[in-house]
Structure formats: structure tokens, C-alpha cells
Amino acid sequence: MEAWVEESARLTKPEKIVYCDGSEAENQAILQEMLKKGDSFRLNEKTYPNCYLHRSDPSDVARTEHLTFICTPNKEEVGPTNNWMDPEGAKFKIGKLLDGAMRGRTMYVVPYIMGPVDSPISKIGVEVTDSPYVVANMRIMCRMGKVAQDKLGSSKDFVPGLHSVGDLDPLRRYIAHFPEERLIWSVGSGYGGNALLGKKCFALRIASYMARQQGWMAEHMLILGLESPGGKVTYMAAAFPSACGKTNLAMMVSALESQGYKVWTVGDDIAWMKIGADGYLHAINPESGFFGVAPGTSRKTNPNVMDAVKSNAIFTNTGLTVENEPWWEGIGGEPPAGLITWRGEKWDPSKGVAAQPNSRYTVLARQSPSISPKWEAPEGVPISAFIFGGRRARLAPLVYQAFNWQHGVFVGATMASETTAATTGDVGVTRRDPMAMLPFCGYNMADYFEHWLEMGKKIPNPPKIFHVNWFRKGADGKFLWPGYGENVRVLKWILERVEGRGEARETPIGYVPTRTGLALDGLKISPEALDELFGVNGDDWESDLADSREFLAKFGEKLPSELRKEHEAVVGRFQKSVPA
Ligand code: OXD
Ligand code: MN
């Protein structure tokens, strides 16, 4: 590790180097450094003890996919969905930006473990960074410092990540991955997904590449445990594109708790999975914290996280009240008098939103009341179901089950979500996002689909595969399903299907619950609304299948033939189901 740190220091030329041990005393010193920069503030010590607000540069508030590169000798290796640079060219170009980038600054060396300390599935990374904000966030998001240094020892088996905020100019911002060297270089951004290199860069892009080589899976999935009345817990992992409610589902307060159904959180964003001795796929959450979107989070939508963020949390780009508390749209209630925006201005309606739409909280996972007793189990938790989903206003029913693994891979590969007003660009545009990995797969997605198909052959007890859609709307434009805590009713059906129970009818897209199959007691939904919610409309699917055919065609000859066959099979089933 020292050799690589020295090499990084020769390039970036910091004033001094600090090796982080992860202690509380060191954390306090780093938070002081963060405060000195003038872009961070201590929050109300009574109501939000040990909490901070950080304001990032207004040009640096989100992941920048167009500036994110996978660098391999051969362009074909990254496929049609990734940005490519050749490694030498990238090193030359980005090396010039990193040359002297830390002059006058401190370089922090952060050794960290992705995964529980004693898990054989865990891996080690080392990030060097010139941002105290990054160090403070890393301390929440992963197990860092001495614990990681001790585990690493003198081994060279770690993923190095070099990060500098540079001058924050978007024209000099690059997030580059060198999967063959397992190396990450990030310059010009201090934002979460671009700068906390353990998360998207290592745990998804580099790890997905390693997982394919080594026969395991690194996925953009939450992990939850559904406890049923006898006390048995069944684990499920779910992939939804960003901003489709992964964190809320993982931390849900079940509407059926009085009947004995409770949801436990293992992870909210990433799952690393290996085949266990019992023949099940076992998942760990490589992270130790949540880096969640604040707007829309409230007592109603996610009471567990509202409890969790009350102490030791870092807020990024939220609003600020006169009481020195964080505030965001959707937290409940009207904007309070004297509110300050995320840019540090006095809020009035002409300013629009007070919290940046992608503003975040960073908080320790173990502070959530819903955290699973198994969340740090070294062997991980056995996964019985995979759930894919997205926002589909018309198309997909509330839930359906794929016929088998290969069909399930097709369902995941053709996953899509419609854009909302919260994302930039047109509203209601369908964006294909296979397995929610489009921005995070570190190699050609055609090979990624192949890897999924191969894993299906190797796992003796593979998870059953499902698709959910909480966002279907009726003809009146209103959501048909109440969502949030009521989603447990869908998880209960999934659990029953896993156990070989659960009533279903066969449709061309898969098994859909019968009217009596899904527990709807106590819900006020009209029979007409239920018809819409579970409807499988041939015309809508015809246009969607045309769109997914076009998407899959992007991969050309590399697309596994199984997926082409699955596509033809759904089309055929629709043709058969409509009498000529
Ligand atoms: C995230 C994302 O921040 O997916 O988790 O964008
Ligand atoms: Mn994510």
C-alpha cells in the first residue's frame, strides 16, 4: 500500500500525508477541517447531535455519467452502453489534471473494507483523497482505518482509488476506471458517487468486472429480510433504477406488522453475492451506511430513516431552518419562515426548491431501527427472490413472476423506467436500464447478460425472479397502488410463491397474482382499479416489445441468443393469447 501511496503523492504533490486510523478523535479533527473550509456547518446540537450540513459546488451535485469512463485496451470490452477511453490515453489526459492537484493540501489515505470485517466475501480498497468531506463520509459508508489496515497487512490485494477534487471545473472532471488493474482515478468532483470511491466505482463497476472473472455477482440491489408469522426470515434482493424507492422498500415499516410480517434491512443499494455451501446465493451488503436522497423522505414515507438521521449524520445540499435543522421538500409541512436554500440564500417561492433535488443524507446503517440482526453475518444471507422494477405508468402489472431463470434474466435485461420531473430532460420518456446496472456495469453488458445466464446454471437453488411496479396509474392519472408500507403485501405474495404457494394465473409475461392471491384486506381499492393494476394489455406490450427489441439489438452479435429467444417467445405468447 505504501508504495502506491507514495506514487500517488509524487503525482499529486500534497503538502502532507495523513494515514487515517478511523478513530473518533481523528474523525473530530477531520470534521474540524471540513468546517474550516466554510462550506460545512454544524447542525443543532440538541435535536441533531453530531450532525453536519455540507454545501457542494453548485456545478457538482450529482453523478456525471457522461464523464465516467471504463478504460480498456479494446473498445468492444466496454460495449455500447459505457464511455470508453484507452488506458494509456486516459492516464496521459487525467494524469495531467492530477499532476500537482494536491499542492498545498493534505492527502488523506483511507484504507477501507467493503463488507463485514470477517466476511470471506468482503474486499479491501484504499482511497487517497484531498477532501475531508470525503473522509468523513467514507467513515460512515464503509469500515475504514485501522480495521482495514490490519486486515490488509502487507498484502497487495486491494483496489486503489486516487481522488482529488481538483479545481471542481466540470470541464476538468473525469471518473475513470481501469478494470484490468482494478484501479480508479477520479478528479474534479467532490460529489458522493464520483468521490466516495468505495460505492459505485469499486463496489459496482470494478467489482462487477471481478465478479464475472471469479464467478460471483456484484449488483445494484437492496437486500431485505421478510419475517413471517412463525418468525422465519426470507431474504430478497431488488434492483430498481435510481430514484425508484430502493431505500424506502429496504427500510419499510410493514402494513402487515400486526399479522406478523416485518421487514428487516440488510442493505439499500448494493449486493455482493456468492454461492454458499447450502447451494443458495448468499448476499452481503458491502456498505455500512446509507447515502440516500433526502427530498420526499418523511415520517410517512420512511420513518426508520427519519429516526436514523437524528444523530451522527452528514447532510449534503439540503435546506437549513432558523433552528439549524436540515429541511427538504416532502419532509412534511410548508417551508418554515427564515428557511435557507442549499445555495445558502434566503428562501422565497421565486427560488424554487430549498433543497437540491439530489440532496442527500449519509448515515450509519446500524442507526436504523429496521437493521437486520444478520446484516453483518460473515456468510451473508441466503437470497430466495430477486425483484426487478421500475416506474411504468401504464405497462407492467403490480407484480409478476418470471417462468424460470432464463426468462427472469430477460425480464431484468429489458427493465425500464420512465423519467420523472425530478430528473432532467423530458418527462415520461422510457429509459432502458438492465438490472438497474446501466451506469454501473464495468464491462460489456452483453457479456454481463451471459454471466447472469451462466450463474443460473451454477446456483443449485437459484432465487426466483419477479418484477414489480408500484407506479402504475389509472385513466385519471392517479397512482393505483398506495405503495410504501403496503408494498409488504406484494412481498408476502413473493414469499408464498417462493414456498410453492401463492395463487397465480399465467399470462404471456409471466405469473400474475389472482384476485384472491394477494392479501388486500383493509385496503380500499375498487374492483375496476384492481383490473387496471393487474392488467396485461397486449397493445401496450406490443409497443414495449418493439422498443426492447431495438434496445437489445444495440449489442449486435454479442447478445446471448437466449435473450433473443426469450423475446420471440413473449411475442409468440401474446399472439397465441389473442384469438385471430
Ligand atoms: C445512488 C444512485 O446514489 O443509484 O445510489 O444514484
Ligand atoms: Mn444506487
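This report walks through a metal site, the ligand beside it and one proline in a predicted model.

## Ground rules

Local features need pLDDT of at least 70 and side-chain atom pairs count only at pLDDT 80 or more, while totals for chains, interfaces and linings use all residues. Residues are numbered from 1 along each chain as written, chains are lettered from A and ligands numbered from 1 in written order, and side-chain values use heavy atoms, with hydrogens and water left out.

## The manganese site

K200 (NZ), H220 (NE2) and D269 (OD) coordinate the manganese ion (ligand 2) at 2.2 Å. Donors here are N, O and S atoms within 2.8 Å of the metal (3.2 Å for Na, K and Ca); water is not among the atoms, so sites may look incomplete. Along the sequence, the donor spacing reads K-x19-H-x48-D.

K200 is buried at 7% relative accessible area, and D269 is buried at 8% (buried means under 20%, with a 1.4 Å probe and protein chains only).

## Around ligand 1

The shell of ligand 1 holds R63, K200, H220, S242, D269, R360 and F440, each with a heavy atom within 4 Å. An oxygen of ligand 1 sits 2.7 Å from a side-chain N or O atom of S242; for D269 the corresponding distance is 3.2 Å, and for H220 3.3 Å.

## A look at P303

P303 lies in helix α9, residues 303-308 (helices are DSSP runs of H or I, at least four residues, numbered from the N terminus).

Definitions and conventions: Helix = DSSP H or I, 4+ residues; strand = E, 2+ residues; numbered from the N terminus. Polar contact = N/O pair within 3.5 Å; in protein donor to acceptor, adjacent residues only side chain to side chain. Buried < 20%, exposed > 50% of the residue type's maximum accessible area, 1.4 Å probe, protein only.
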